[in-house]
Amino acid sequence: MYSDGARAFVTGDNPVWFTETSGLMHPDGEINFPFSPNAALHASWIGRSDLTFLSGSQYAVEEINRRIACGAERFVFAGIADVVVNALTPIHRQDKCGGGWNG
């Protein structure tokens with residue numbers, strides 16, 4: 001997936017997010033791994049059976065960033081200051097890391 005808008009992907013000290021409750025082989029399994037500010041791996045069994053490169057909506061970018069920030073132990077790295085991501089870093093988050101997305 002690539003970001004086509006104003007938001008960029010972030011990474012952190014725990015850069016891979018996956019569905020821990022159901023596992024990767026479950027039909028709801030997902031994995032996210034941002035590998036540049038403009039590109040991230042989003043793998044899912046939902047809706048597709050082939051490899052496809054998708055343009056991520058800004059909502060999808062924000063959700064992947066939320067997942068990465070919520071999974072960070074201590075550090076989140078971004079190319080620019082982002083108040084949304086800053087609010088989710090380990091020092092600031094409280095109950096903001098619940099919920100989910102099926103994108």
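What share of the contacts with a separation of 6 or more in the protein chain comes from residues 24 or more positions apart? I looked this up and got 58%, where contact means heavy atoms within 4.5 Å.

The model is predicted, so I note that local features need pLDDT of at least 70, side-chain atom pairs count only at pLDDT 80 or more, and totals for chains, interfaces and linings use all residues. Residues are numbered from 1 along each chain as its sequence is written, and side-chain values use heavy atoms, with hydrogens and water left out.

Chain. I found two helices and seven strands, in the order β-β-β-β-β-β-α-β-α. These are DSSP runs numbered from the N terminus (helices H or I, at least four residues; strands E, at least two). Of the 103 residues, 30% are buried. Buried means under 20% relative accessible area, exposed over 50%, and partly exposed in between (1.4 Å probe, protein chains only).

Histidine 42. I located histidine 42 in strand β5, residues 39–44. Histidine 42 counts as buried because its relative accessible area is 19%. Its side chain makes a polar contact of 2.7 Å with the side chain of asparagine 32. Such a contact is a pair of N or O atoms within 3.5 Å; within protein, one must be able to donate a hydrogen and the other to accept it, and residues adjacent in sequence count only if both atoms are side-chain atoms.

Phenylalanine 33. I placed phenylalanine 33 in strand β4, residues 30–36. Its relative accessible area is 31%, so I list phenylalanine 33 as partly exposed.
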